[in-house]
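Biologist: Could you walk me through reading this structure, one feature at a time?

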Amino acid sequence: MDTIIDDLSNRLAHRLRLERDSRGWSLADLAERSGVSKATISKIERAEVSPTAVVLVRLASAFDLTLAGLMLRAEGQGERLSRAADQPIWRDPETGYLRRQVFSRPDNPIEIVRVEMPAKQRVTLPASSYAHIRQTLWVLSGALVITEAGERHELGAGDCLGFGAPAETTFANESAAPCVYVVALARS
């Protein structure tokens, strides 16, 4: 699994540089647009550090992409059949959040992502990361608290939540056990 994670980190670093270069932006331009320091962006682009989910969302938003859109571009075109052994996996270095891209294709508006959220961890994503998608989250095991635009939703195994309008959203595993959930999203 580490090989898949390392490969995705390298592809993500390359993709970020391509996105920046294709726009003719300097490191300073991207730093200003994203709120991420030039030094951090440079290290990410050289694959010296792995960005957190929050940093990736800021960078994706600067490019007018969602996190899913940025990851899709980094992960490649995809095939109709998504074999488990080939599904890209990325780990947030800050929280240990593990994201598996189960299915995505540029010609299909549906994406499926499987997430493992470690115990006592949380990730807060800005409203901009939901600007071009609709999503539904289904908890497979454990418990998850989602706070969306100030509204708290407590989900257990089997529970499913359809997200509302784009809003800052916190995904929190307040329990002592890991939580596994699936996100199905449609790009608009």
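Biologist: Which residues does Glu-148 touch, not counting residues up to four places away in sequence?

Modeller: Contact means heavy atoms within 4.5 Å. By that rule Glu-148 touches His-153, Phe-163, Gly-164, Ala-165, Ala-167, Glu-168 and Thr-169. A word on the source: this is a predicted model, where local features need pLDDT of at least 70 and side-chain atom pairs count only at pLDDT 80 or more, while totals for chains, interfaces and linings use all residues. Residues are numbered from 1 along each chain as its sequence is written, and side-chain values use heavy atoms, with hydrogens and water left out.

Biologist: Where does Glu-148 lie, and is Glu-148 buried or exposed?

Modeller: Strands (E, at least two residues) and helices (H or I, at least four) are DSSP runs, numbered from the N terminus. Glu-148 lies in strand S6, residues 143-148. Buried means under 20% relative accessible area, exposed over 50%, and partly exposed in between, with a 1.4 Å probe and protein chains only. Glu-148 has 9% relative accessibility, so it counts as buried. Its side chain reaches the backbone nitrogen of Gly-164 at 2.8 Å. Glu-148 and Thr-169 are 21 residues apart in sequence, yet their C-alpha atoms are 4.5 Å apart in space.

Biologist: Now to strand pairing. Which strands does S2 pair with?

Modeller: Two strands pair if DSSP finds at least two bridges between them. S2 pairs in the antiparallel sense with S1 (residues 89-91) over 3 bridges, and with S3 (residues 108-117), also antiparallel, over 6 bridges. Trp-90 stands opposite Arg-99 in S2, and Phe-103 stands opposite Ile-112 in S3. S1 and S2 form a hairpin with 6 residues between them, and Gly-96 in the turn has a positive phi of about 85°.

Biologist: Why is S2 described as largely enclosed?

Modeller: Of the 8 residues of S2 (residues 98-105), 6 are buried, so the strand is largely enclosed by the rest of the structure.

Biologist: How do I read a helix? Which residues of H3 are buried?

Modeller: An α-helix has 3.6 residues a turn, so residues three or four places apart point the same way. In H3 (residues 38-45), the buried residues are Ile-41, Ser-42, Ile-44 and Glu-45. Seen down the axis of H3, they fall within an arc of 165° (taken from the directions from the helix axis to the C-beta atoms), so they line one face of the helix. Just after H3, Ala-47 takes a positive phi of about 60°.

Definitions and conventions. A polar contact is a pair of N or O atoms within 3.5 Å; within protein, one must be able to donate a hydrogen and the other to accept it, and residues adjacent in sequence count only if both atoms are side-chain atoms.
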